[in-house]
Amino acid sequence: MEDARHGFAEKLLAWYDAGHRALPWRETGDPYAIWVSEIMLQQTRAETAAGYYRRFLARFPTVSALAEAPEQDVLKLWEGLGYYTRARNLQAAARRVMSDCSGCLPDTVQGLAALPGIGPYTAGAVAAIAFGRRAAAVDGNVERVVARLRGIRQDVGIPSVRRALRRAAEELVPGDRVSDYTNAMMELGATVCLPGTPDCGACPVAAFCDALEAGDADLLPRKQRGRAPRQEARGVAVVCCAGRVLVQRRLERLLHGMWQFPNALDAADAQGLARALADQGIAAHPLRRLGEARHVFTHIIWQMRIYLFAAETPFELPESLWADAEALRALPIPTAMCAAKQYALACLATP
Ligand code: SF4
């Protein structure tokens, strides 16, 4: 096996130069745009993120445009991407950049990491890709590549192992072309050094790979399984009244600021849900069951039963409004409530 300090980056960059996926954030040197892309890519596949990225930058082309926008507009453009805290933090950071940094994104790992929502990975990625800083960006893809290349066989969930892996990643970063190198490492992890069985025959850095030599690449990285997500049974109510439906702005940490249909935990049937709604000040009676839906968050799974309710007259509640079809389409509604939204739109379309 060859020493990774000599020739590794050259081989990787030559492979990257010979052809890679055309992704919109690779066509810009604008640090703001690169930052937006890195936040989107934290939990989202590149192919999915590309459309969101284009729409987001068309609406908020600069840090100041994002800083000045109403939060609802930002959440609406994030609708469907999930992990909405990312969008709120992105805007909070944009406001901080405007107020404390004269509108310019910091160009160091430390400066970036001081902004809301920017952790070690994003700080390293933006510093390296946008500013050419010699920093490592260790996301899930790069973690896998480095664990295999350097033969790191302990559980990468252990903090000391994670730190060792990060140091190993930093040692590999070359002195120049850091931006392309960072993209190339991510590209390798996303297209060749795949989870499960990597395509080692097509790997440009196979000569440097410890795991390939040892024959255990498919077993790395080792990671203890996390706890299984908690199951929650929720009753969800589409409450109709005079051609409108009742929606509420969420105040909870999960999906904060997004709009939802009234719902309650452990409301097993229509009557149970009616009682829970009454406790929330919603006077409505159940008409029929509309269907079921399931949504998986990181730590929770919502198993939802969706019911149609009717209210005699529209009433006022804090952080709530009665939406017609047009307003419903305009509000930022999370994917978890997508099925309920479709039922609501169908009900509103029925005379
Ligand atoms: S040789 Fe195989 S395991 Fe090693 S870095 Fe390349 S693709 Fe990954």
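Visitor: How do helix 2 and helix 3 sit, and why call them oblique to each other?
Guide: This is a predicted model. In it, helix 2 and helix 3 are oblique to each other. Helix 2 (residues 31-41) packs on helix 3 (residues 46-59) at an angle of about 140 degrees.

Visitor: Is the crossing right-handed or left-handed?
Guide: Helix 2 and helix 3 make a right-handed crossing.

Visitor: Which residues meet there?
Guide: From helix 2, Ala33, Val36, Ser37, Met40 and Leu41. They meet Ala46, Ala49, Tyr52, Tyr53, Phe56 and Leu57 of helix 3. By class, that contact has 10 nonpolar residues, 1 polar and no charged.

Visitor: Switching to the ligand. Which residues come nearest?
Guide: Cys193, Cys200, Cys203, Cys209 and Ala217. They belong to a set of 14 residues around the ligand. Helix 9 (140-149) and helix 12 (210-214) are the elements that each give two or more residues to this shell.

Visitor: Which element gives the largest share of the shell?
Guide: Helix 9, with 3 residues.

Visitor: And how does the shell divide by class?
Guide: The shell around the ligand has 13 nonpolar residues, no polar ones and 1 charged.

Visitor: Now the domains. What does the assignment give?
Guide: Domain 1 covers 8-219 and domain 2 covers 230-349. Their C-alpha centres lie 36 Å apart.

Visitor: Backbone next. Which peptide bond is cis?
Guide: The bond from Leu220 to Pro221 is cis, with omega near -5 degrees. Pro221 is in the loop between helix 12 and strand 1 (230-241).

Visitor: What about the phi of Tyr83?
Guide: Tyr83 has a positive phi, about 50 degrees, although it is not a glycine. Most residues other than glycine have a negative phi, and most peptide bonds are trans.

Visitor: Where is Tyr83?
Guide: Tyr83 is in the loop between helix 5 and helix 6 (85-100).

Note on methods: Residues numbered from 1 in each chain as written. Predicted model: local features only at pLDDT ≥ 70, side-chain atom pairs only at ≥ 80, totals over all residues. Near = placed C-beta within 6 Å. Helix = DSSP H or I, 4+ residues; strand = E, 2+ residues; numbered from the N terminus. Nonpolar A, V, L, I, M, F, W, Y, C, P; charged D, E, K, R; others polar. Domains from an automatic or database assignment. Axes fitted to C-alpha atoms, helices over the stretch in contact; angles between N-to-C directions. Parallel < 35°, antiparallel > 145°, perpendicular 65-115°, else oblique. Left-handed = near helix turned anticlockwise from the far one by under 90°. Contact = placed C-beta atoms within 7 Å.
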